[in-house]
Amino acid sequence: MNRQAQAAVLFLVGGAMLHAGTTSLYLRYVKAGLQPLLLAAGAVLIVAALATVWYELRRPRPVRRLRDGGEPHDTVLGDPDGGPDDGRGDGHGDGHDHGHGEGPGSGHGHGHREPRISWLLVLPLFALILVAPPALGSYSALRAGTALQPPLASPALPSGDPVPLSLVDYAGRAAYGHGHSLGHRKVEITGFVALDHGGTPYLVRMALNCCAADAQPVKVGLSGKLPPVLQPDSWLQVTGTFSARRTKDPVNGGIIPFLDVIEAKPVPTPKDPYDESWNQ
């Protein structure tokens, strides 16, 4: 790629980052708190692209002139005498040819051309612009162990019936607090459905450290009044009460608590499908 092509790719990448950062698309890749850094990175890439174009436009451009023997050679605009008798381009001086070799096999006077296959590097860029990847779902959740960690604290539940909680909050209270902070209160959690090989249903949220590449699942088993048909990756808002039932994750042996379901209803996929509360 020449510099103009490099500048174009930089500009497109920066534009794609700004587009993702100003819409909800970036939430498919990174956590919400990284939005300012994403926007700043996109702006820097666009400035770098524009600076590259400006630099290229200000560079002296080569023009074709005729050598005394009638053979074309390159000189640079702004050189009043075309560089005569300096031994570098007119065949005189020290008798050496410094960059304008004769014939196709000389190997001098021409820059090495990058292989055209390098343009394949642009394909991921168009994939980023044209295709919005889906959030990680049940396939990833069942092949990774639960990321549930002991909560730092379990404050008293707020008022309300049912009490809206994040899935990670409920799982931490149920698994490590043995439900003491939950009591017999009704709670409401939201997640997507995953079914293991035995058909056991789980409600799952993928937890992030920084980006989708390090997302790990937090799983809550479901028992009680379940819908007759559960589709993997469908999103449910579940109302229920604490259940003392628990199991071990077959992948890493982590604790998977259960929720005794009273009501479950389908909901649209949330704007931010990932849960960031587990490491806060």
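Let's start at a turn: in the hairpin of strands E4 and E5, 5 residues sit between the strands, and Gly199 there has a positive phi near 90°. Strands (E, at least two residues) and helices (H or I, at least four) are DSSP runs, numbered from the N terminus. This is a predicted model, so to speak of a local feature takes pLDDT of at least 70 and side-chain atom pairs count only at pLDDT 80 or more, while totals for chains, interfaces and linings use all residues. Residues are numbered from 1 along each chain as its sequence is written, and side-chain values use heavy atoms, with hydrogens and water left out.

E4 and E5 pair in the antiparallel sense over 4 bridges (two strands pair if DSSP finds at least two bridges between them), and Val193 stands opposite Leu203 in E5. E4 is also joined to E7 by 6 bridges, again antiparallel, with Phe192 partnered by Trp235 in E7. E3 and E4, by contrast, run parallel and share 2 bridges; here Val163 has Val187 in E4 as its bridge partner. E3, H5 and E4 together make a right-handed β-α-β unit, where right-handed means that, with the strands pointing away from you, the path from the first strand over the helix to the second runs clockwise.

His178, in the loop between H5 and E4, has a positive phi of about 50° although it is not a glycine. Asp233, in the loop between E6 and E7, does likewise with a positive phi of about 75°. The peptide bond from Asp161 to Pro162 is cis, with omega near 0°.

Finally, look at residues 36-57, where the chain is 100% helix and 0% strand, with end C-alpha atoms 32 Å apart.
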